[in-house]
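Welcome! Take a look at it first, and then read on.

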Amino acid sequence: MIQNKSCDILIIGGGMVGLSLANQLIKRRLTDKIIVLDKENKLGKHSSGRNSGVLHAGIYYKPGSLKAKVCVSGARRLKKWVKERNLPLNNCGKIIVPQKEILDSQIDELAKRGSANGADVEIWNEKQLRVCAPNVRSSTGRALWSPNTSVVKPISIINTLSSELISKGVEIINLNRGQSWVLNASKKSIRIGKEKTIKYCFLINCAGLQADKIANLFGLGKNFKLVPFKGLYWQIKKHSKINIKNNIYPVPDLNVPFLGVHFTPSADKFPIVSIGPTAIPSLGRENYKGFESIEFINSVNNMFLLTKQYIQNQNGFRKYAHEQLLLSLFPFMLQSAKELIPEITANDIEVSEKVGIRSQLFNLEKQKLEDDFLYLENDESLHIMNAISPAFTASFELADLIINKSKYLSMRI
């Protein structure tokens, strides 16, 4: 017998953005008839559960962008939520330093952007840097200090939020690996295997690495293509003498949406310091290790797009290719790490099991990587795409912005 279910809102994807949207819909009393559908047997198996856990302070983003509008207040809200539930939180702050003298002016640009976005930032001189982080090197002695950058444990947040949503009546459906499901956009329904059908009034697509595929089923987002980038990590060995208490970041290239190799202490009682991630083109949307989930044809097409952008040198992509692509190789990663912490050696570092894949969109019309969040809507559905950093940080605020901007959802306000 086919089991039929129905709901006002069906959310595809049980990551942080999808769960936050469900939370805000209930909190704002817009509806409590919500189903969250995730293709994995438990939540947090992809981007939301694999990110670094850094709650960003809103420094990098162009003023006026969606990222800039939601990051600072989003981080504040999520941090408050975490504290109220006594979940792990490391208020360690972030230090950003120029690795080369030519990058020193970027400190001023980051400070300007951060202030415009409402972030607390302070430019340190060499004396201040030496007092607070004596093992950190700045090519000019200057650094940018972000006191409100924190680190959390993403899985603990995902698990706690999903449990709260279930207690409020939200149904979360997890599929078994390989279990089939078919979306019929015209009939506003999803068939799961042969046993279950879900009818919905409106669909919200928060599918992350699969978001473009879902959008295409509704005739949207055809001019965008997902180009996944893999983030590999290393970590400082437990008995190393290297002592890092803060996030240590290099000055990034603001023309590409990657931050370079950096140091991140975890939110554990005895913090593990991660080094990374890299940002290398992935062979598949879920190619976390070895030869699993390789998408050969897509990978070839993606390399063609990136090669074309390299040749045209758009948005500093050639600089990214020269400086960042090789960081997945240990000698290059170590050299990059030593630019921040000169005393670190190969004996201090080991490979981390953590691997993430970034759901990066490529704009086929403009022939460039998209830097901002993107949401597309028609009468039946809303699609959140390019939900890359700082989407986790900004999740509650981003959810409210999406609700306010949506034609369908705003009618309920």
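This is a predicted model: local features need pLDDT of at least 70, side-chain atom pairs count only at pLDDT 80 or more; totals for chains, interfaces and linings use all residues.

**Strand β12 and its partners**
- Strand β1 (residues 3–12) runs parallel to β12, and nine bridges join the two.
- Within this pairing, Cys7 has Tyr200 of β12 as its bridge partner.
- Strand β11 (residues 189–192) runs antiparallel to β12, with four bridges between them.
- Ile190 stands opposite Ile198 of β12.
- β11 and β12 form a hairpin with three residues between the strands, where Gly193 takes a positive phi near 55 degrees.
- Strand β23 (residues 381–385) is joined to β12 by three bridges, and these two run parallel.
- Here Ile204 is paired with Leu382 of β23 as its bridge partner.

**The nonpolar cores**
- The largest nonpolar core has 44 residues, and those touching the most other members are Ile9, Ile11, Leu21, Ile34, Leu78, Ile157 and Ile204.
- Helix α1 (residues 16–27) gives the most to this core, with seven residues.
- Beyond its neighbours within four places in sequence, Ile9 is in contact with Leu25, Thr31, Lys33, Ile34, Ile35, Phe202, Ile204, Tyr408 and Leu409.
- Another core, of 25 residues, lies apart from the largest one, and its members include Trp145, Ile244, Met333 and Leu340.

How values were computed: Residues are numbered from 1 along each chain as its sequence is written. Side-chain values use heavy atoms; hydrogens and water are left out. A nonpolar core is a set of buried Ala, Val, Leu, Ile, Met, Phe, Trp, Tyr and Cys residues joined through side-chain atoms within 4.5 Å. Buried means under 20% relative accessible area, exposed over 50%, partly exposed in between (1.4 Å probe, protein chains only). Contact means heavy atoms within 4.5 Å. Two strands pair if DSSP finds at least two bridges between them.
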